[in-house]
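Hi,

Here is the structure I said I would pass on. Have a look, and my notes follow below.

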Amino acid sequence: MSRFDNAGPGLAGTPLARLILALPLIAFLLRLGGAPLFDVDEGAFSEATREMFQRNDFLFTYLNGNPRFDKPILVYWFQAVGYLIFGASEWAFRLPSALAAITWSYATYFFTRRRFGENAGLLALAVASTALGPFAIGRAATADGLLNCILALTLFDLWRHLESSRKTPLLRAYVLMGLGALTKGPVALIVPGAVTCLYCLSQGDGRRWLKMIANPLGWLLLVGIAAPWYWHAYQTHGMDFINGFIMKHNVQRFSGSLEGHGGSAFYYLIAVPLLLLPWSGLLGVALGQLRADWKSPLERFLWIWFGFVLVFFSLSGTKLPHYVLYGCTPLFALIGLHAHRARRVWPHFVLPGLLLVLFAALPTILDLLSHSSLGDAFYRAQFSRALEVGDYTYLALTGATLLGWVVYVTLSKAALVQRLVVTASTLVVLLAGVVVPFAGEVAQGPVKAAGLKAAGIKDSNVIFWRFTTAPSFSVYRQDITLKGEPAGGTVALVRTDRLDPEEKVEILFKQGGVALVKFK
């Protein structure tokens with residue numbers, strides 16, 4: 001029986017337990033296609049997958065006709081399966097990430113339950129499926145949900161090997177690292193290798209780690225899975241592939257700030273609590289047990305896993321919030337283990353309450369921004385539709401949810417953990433069902449509408465003009481779109497703030513900050 005099971009009111013055997021077991025399906029599938037594809041990342045991955053079918057080339061990806069060296073091939077293959085089944089829809093392109101996130105969540109539950117007990121496992125499952133960070137990448141048409149799933153499964157298996165010396169989990173970990181290398185590259189080997197190395201060294205058993213990484217059958221499996229595609233990519237693109245994928249999107253991401261995604265060394269110290277909302281307060285409780293945990297092998301392994309990822313990506317020149325999620329899976333288990341130690345109740349509900357207020361006020365906030373001089377003129381124009389999209393139905397749903405939550409938290413006699421489960425479930429349903437579709441329509445709706453309009457235009461060349469490339473436009477248009485200079489008869493997607501009223505064009509479509517025009 002775990003320390004968590006012995007302490008106070010738990011979750012096992014309560015009606016909430018059944019809700020928690022269903023949370024991954026709710027969080028990652030509810031209205032999965034409810035928002036348009038977000039540019040740039042979702043649009044780029046989805047368009048690259050669509051172009052595989054247009055080019056009839058399923059061994060390498062292209063974006064608007066140019067080789068895409070950003071990521072390896074695996075997530076595109078999975079998206080291609082969704083495309084075959086469901087067509088070119090948001091649901092199809094996001095489904096691989098959703099399924100990976102569901103697998104990731106349940107794997108965390110089973111791993112934690114077996115080692116820390118049912119209550120800890122249930123809470124770890126609740127955190128994995130409702131925290132903001134996993135929620136975001138688990139519903140995005142990118143490679144991050146898949147990579148996080150693979151890394152979690154890899155390190156779970158490596159621990160199974162460490163605790164039992166069984167060979168099967170170790171070989172399975174090699175297979176998973178091969179799949180990870182096909183998902184996002186070297187990071188799928190670096191994180192498991194470094195974490196297990198540091199753990200073995202902390203146990204004074206470096207030889208064991210050397211034995212783990214010198215497994216001939218394991219390397220045969222890993223290389224056999226990953227190497228054929230890398231060899232094909234090199235044979236097809238030569239040094240362009242080396243310079244584009246290896247040097248730019250791996251070496252330069254670590255050594256410098258790529259695409260303007262920089263930040264201080266303390267970036268992730270701020271990002272982690274935000275990514276774990278509404279569970280950030282329980283993270284503080286778990287951190288308070290770090291010294292005691294260090295004496296227990298599994299807890300030490302989990303803290304080393306988180307600590308390595310935190311330090312490694314803090315040293316990286318390129319910083320994006322989701323990078324640190326590679327190390328957050330162990331936090332889900334540690335929060336589940338230590339949550340019963342929380343004593344103060346109200347501090348845990350301040351930030352979730354502020355989020356609910358923000359959701360209710362979001363249309364008004366975006367409308368105010370649209371009338372200000374802050375930020376980019378394009379986004380101000382997009383935000384001008386906020387009150388139209390965020391109508392009375394939106395306000396009623398978000399306002400009623402906020403009011404109901406305040407009444408529940410104030411009057412409920414349930415334990416802190418149980419109230420947090422209800423709070424997190426409320427937030428994730430509201431986000432998936434109402435807020436994300438609203439935000440997607442405001443930010444991307446005009447681009448989607450313009451793409452669908454352009455799909456019906458067959459007698460003109462369609463280009464991006466005075467517009468930063470929006471790959472989702474090509475997805476909805478169902479054809480490659482290039483940047484260019486217009487000539488007579490050309491149709492162009494243009495930002496409304498960059499369209500001169502004196503120019504001789506026919507307005508085919510105009511909404512928010514987007515216009516589709518035809519040159520005379």
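A term first: two strands count as paired if DSSP finds at least two bridges between them. Also keep in mind that this is a predicted model.

With that, on to strand 5 (residues 491–495), where 5 of the 5 residues are buried. V491, L493 and R495 point one way and A492 and V494 the other.

Strand 5 has partners worth a look. With strand 7 the pairing is antiparallel, over 5 bridges, and A492 sits opposite V517 of strand 7. With strand 3 (residues 462–464) it is parallel, over 3 bridges, and there V462 stands opposite V491.

Strand 7 (residues 514–519) also runs antiparallel to strand 6 (residues 505–511), joined by 6 bridges. F509 has L516 as its bridge partner there. The hairpin has 2 residues between the strands, and G512 takes a positive phi near 55°.

Now the helices. Helix 8 (residues 167–183) and helix 11 (residues 216–237) have axes that come within 8 Å and cross at roughly 15°, which makes helix 8 roughly parallel to helix 11. The crossing is right-handed. Residues making the contact include L171, Y174 and M177 from helix 8, and W219, L222 and W229 from helix 11. What kind of residues are they, by class? The contact has 15 nonpolar, 2 polar and no charged residues.

Cheers

Conventions. Residues are numbered from 1 along each chain as its sequence is written. This is a predicted model: local features need pLDDT of at least 70, side-chain atom pairs count only at pLDDT 80 or more; totals for chains, interfaces and linings use all residues. Side-chain values use heavy atoms; hydrogens and water are left out. Axes are lines fitted to C-alpha atoms, for helices over the stretch in contact, and angles run from 0 to 180 degrees between N-to-C directions. Helices (H or I, at least four residues) and strands (E, at least two) are DSSP runs, numbered from the N terminus. Angles under 35 degrees count as roughly parallel, over 145 as roughly antiparallel, 65 to 115 as roughly perpendicular and the rest as oblique. A crossing is left-handed if the near helix is turned anticlockwise from the far one by less than a right angle, and right-handed if clockwise. Contact means heavy atoms within 4.5 Å. Ala, Val, Leu, Ile, Met, Phe, Trp, Tyr, Cys and Pro count as nonpolar, Asp, Glu, Lys and Arg as charged, and the others, Gly among them, as polar. Buried means under 20% relative accessible area, exposed over 50%, partly exposed in between (1.4 Å probe, protein chains only).
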